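Subject: Structure handover

Hello,

The structure you asked to take over is below. My notes on what was found in it follow.

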Amino acid sequence: METEARASGGTAVDLPTLELRSITKRFGGVTALSGVSLEVSRGEVVAIVGDNGAGKSTLIKSVAGVHSPEEGEIRIEGELVRFSEPNDSREYGIEVVYQDLALAPNLDIATNMFLGRELVRGPLQILRKREMRRQAQEILDEFKIRVPSVRATVRTLSGGQRQGVAIGRATHWGKRLVVMDEPTAALGVAETARVEAIIHRMRERGLAVLIVSHNLDQVFRVADRIYVMRRGSLAGHRTVSETTSNEIVSLITGLA
Amino acid sequence: MASTEVVPEAEDDVPSRRQRTVPEWMGAVVGTLVIGAILTVLAPNFMSTRNLLNVLAQVSVFGFMAAGQTFVMIARGIDLSVAATGALAGTVVGVLSIEHGFSGGTSVLIAILVAMFVGLVHGVLVAYGRLPAFIVTLGGLSVWRGAALELTGGINNTGLPDLVTWLARGQIGPVPVPVLLMIVVFAACGFVLTRTRWGMNLYAIGGDEEAAVRAGVPVKRYTTFAYMACSSLSAIGGIILVGRLDSAGGSVAAGYELNVIAAVVIGGTSLFGGVGSVWGAFFGAFLMGIIQNGMNLMGISSFIQMMVLGSIIVLAIGADVMRKRYAKQGG
């Protein structure tokens with residue numbers, strides 16, 4: 001599977017958006033990831049599942065540039081890259097939606113969407129507030145994320161609305177890949193459905209989506225393929241249409 | 001974009017505009033009006049243009065320091081050394097101009113550069129060294145005060161250059177120069193905090209530093225700049241003060257850090273960061289000023305005044321804590 005795309009020698013569009021090859025990450029004497037390979041392509045939603053401590057978060061952080069793996073390759077549309085900090089991955093159009101969302105609760109939605117990447121003019125870096133609000137509204141409209149106003153303070157939003165803002169920000173800046181760590185863990189049923197609808201729209205728009213989830217029902221609803229991790233390595237890889245929940249569970253637990 | 005899936009409507013997602021919250025500086029404005037009304041009745045000489053302009057001129061000294069402190073506190077820091085830094089800047093001006101014959105302009109410029117260096121030291125230790133701001137600037141309080149005293153050898157220099165005297169005691173029409181200068185500086189600070197990338201990012205840092213880091217805000221650099229702004233503005237306050245006293249002694253402005261923190265917190269800037277404005281600090285400083293002025297006019301002893309000042313600080317910070325608790329429940 002990995003070699004197929006590369007052997008075809010096609011254009012960047014044919015190559016997987018993200019390709020990990022034999023990623024190994026150690027923390028002191030502990031091997032958190034050993035030889036993990038996976039790939040995600042445009043317009044595809046790929047899920048990573050696994051028990052606590054299986055290495056899912058470490059893997060995501062390696063993609064985000066928070067961790068630098070000791071061994072293995074990360075390729076973006078075929079290009080070999082090395083991320084040493086989050087800004088590096090961002091430059092390649094990769095955005096991560098963390099579980100705790102990383103929003104400034106005291107600032108409004110528009111400001112949060114452009115946080116760290118504000119639109120400014122002049123040497124004083126004067127904020128172009130009106131333009132940022134306009135663009136923020138466009139993003140929210142496109143993904144049907146419903147909030148009272150782009151000027152509403154994040155603190156006043158519900159959990160689902162905050163999730164919407166974080167995802168909206170990621171899709172705006174993530175031109176290639178959006179990575180989501182447990183995007184609905186803290187949400188109610190209706191809000192979860194909204195987030196899943198947003199994920200569908202991201203796929204329609206041709207983004208590559210990598211999602212970590214504990215919720216297998218959800219994984220079967222939104223994902224095209226599933227990678228199962230167990231104790232730092234890949235326990236299996238299935239296409240959603242050709243597998244069952246039971247099979248995934250047995251891969252996660254390691255019990256046949 | 002055509003989308004076929006049905007988006008469920010969640011009850012709690014229905015847009016509901018929260019009632020507009022009261023601006024955080026409102027308390028200081030209301031407090032100023034109430035205390036002003038009381039003093040108008042109790043102290044016959046209080047309500048006159050001349051007295052109020054005089055109060056503003058006195059207030060300007062710690063007003064500048066309060067403006068600087070606002071930058072730091074919005075980013076969830078604190079600078080306890082503002083008064084010591086101001087004193088150092090004031091004595092630098094005195095020593096350079098009186099003992100070494102530098103011009104007023106050059107002395108002021110060098111003093112502000114010295115203060116920027118002080119802020120740089122604080123900022124680097126706090127932002128890059130990850131030391132608690134409280135400790136760094138408490139140490140700074142002693143270090144810079146000591147430097148100021150050492151510099152003057154404990155002797156007060158008098159006969160400051162005309163520029164400094166004019167800045168501190170000059171008038172344009174009926175309005176004292178320090179009052180005009182304060183208004184200009186506050187307007188500039190207000191602009192920087194609300195309209196520029198740096199200012200807005202200081203609010204983000206104060207709101208959630210980790211979120212700011214992950215969003216790509218240059219947290220360390222921007223935090224350092226905040227301490228540098230604070231020290232520079234404190235220097236202006238210190239220079240105005242030595243000009244008003246015509247005495248550049250190392251012990252000037254002792255204890256002002258309490259006034260400054262009280263003014264900033266009364267003005268609605270939170271000790272917990274992320275919330276506040278320089279205009280709040282302005283009203284907070286003015287409120288502190290009229291309370292002090294009113295007590296002077298009523299002949300209340302300076303020892304009682306100290307006790308009142310301390311109580312006000314505890315009250316203001318108590319209110320800040322309550323507000324924070326309320327905001328948590330509300331959020």
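H3(B) has 18 residues, and from its first C-alpha to its last it reaches 25 Å, close to the 26 Å expected at 1.5 Å a residue. Please keep in mind throughout that this is a predicted model. The helix is mostly covered, with 16 of its 18 residues buried. After H3(B) comes Gly101(B), whose phi is positive, near 70°.

H3(B), residues 82-99, packs against helix H5 of chain B, residues 133-152, at an angle of about 20°, and the two axes are 8 Å apart. H3(B) and H5(B) are therefore roughly parallel to each other. Their crossing is left-handed. On the H3(B) side the contact is made by Ala84(B), Thr85(B), Ala87(B), Leu88(B), Thr91(B), Val92(B), Gly94(B) and Val95(B). On the H5(B) side they meet Gly140(B), Leu141(B), Trp144(B), Arg145(B), Ala147(B), Ala148(B), Leu151(B) and Thr152(B). By class, the residues of this contact are 10 nonpolar, five polar and one charged.

From H2(B), the contact takes Leu53(B), Leu56(B), Ala57(B), Ser60(B), Gly63(B), Phe64(B) and Ala67(B). From H7(B), it takes Pro178(B), Val179(B), Met182(B), Val185(B), Phe186(B) and Cys189(B). The contact of H2(B) with H7(B) has 11 nonpolar and two polar residues, and no charged ones.

Helix H12 of chain B covers residues 278-297. H12(B) has 20 residues and reaches 28 Å from its first C-alpha to its last, close to the 28 Å expected at 1.5 Å a residue. H12(B) is mostly covered, as 16 of its 20 residues are buried. Following H12(B) is Gly299(B), with a positive phi near 70°.

Ile172(B) lies in strand S1 of chain B, residues 171-172. Is Ile172(B) buried or exposed? Ile172(B) has 10 other C-beta atoms within 10 Å and is therefore exposed. Setting aside neighbours within four places in sequence, Ile172(B) is in contact with Val177(B) and Leu180(B). Asn293(B) is 121 residues from Ile172(B) along the chain, and their C-alpha atoms are separated by 23 Å. Pro174(B) sits in the loop between S1 and strand S2 (175-176) of chain B. With 8 other C-beta atoms within 10 Å, Pro174(B) is exposed. Pro174(B) and Leu53(B) are 121 residues apart in sequence, and 8.6 Å apart in space from C-alpha to C-alpha. Leu53(B) is one of the H2(B) residues in the contact with H7(B).

Chain A has two residues to look at for their backbone angles. Most residues other than glycine have a negative phi. Glu77(A) has a positive phi, near 45°, and is a residue other than glycine. Where is Glu77(A) found? Glu77(A) is in the loop between strand S4 (71-76) and strand S5 (79-81) of chain A. There are 21 other C-beta atoms within 10 Å of Glu77(A), so this residue is buried. Lys144(A) also has a positive phi, near 50°, in a residue other than glycine. Lys144(A) is placed in the loop between helix H5 (129-142) and H6 of chain A. Lys144(A) has 15 other C-beta atoms within 10 Å, so it is partly exposed.

Last, the contact between the chains. Chain A gives 38 residues to it and chain B gives 31. On the side of chain A that touches chain B, the elements that give two or more residues are helix H3 (86-91), strand S8 (126-127), helix H6 (159-173) and helix H7 (189-204) of chain A. Which of these gives the most? H7(A) does, with seven residues. That side of chain A has 17 nonpolar, 11 polar and 10 charged residues.

Regards

Technical notes
Residues numbered from 1 in each chain as written. Chains lettered and ligands numbered in written order. Predicted model: local features only at pLDDT ≥ 70, side-chain atom pairs only at ≥ 80, totals over all residues. Axes fitted to C-alpha atoms, helices over the stretch in contact; angles between N-to-C directions. Helix = DSSP H or I, 4+ residues; strand = E, 2+ residues; numbered from the N terminus. Parallel < 35°, antiparallel > 145°, perpendicular 65-115°, else oblique. Left-handed = near helix turned anticlockwise from the far one by under 90°. Contact = placed C-beta atoms within 7 Å. Nonpolar A, V, L, I, M, F, W, Y, C, P; charged D, E, K, R; others polar. Expected span 1.5 Å × (residues − 1). Buried ≥ 20, exposed ≤ 12 C-beta atoms within 10 Å, placed from the backbone.
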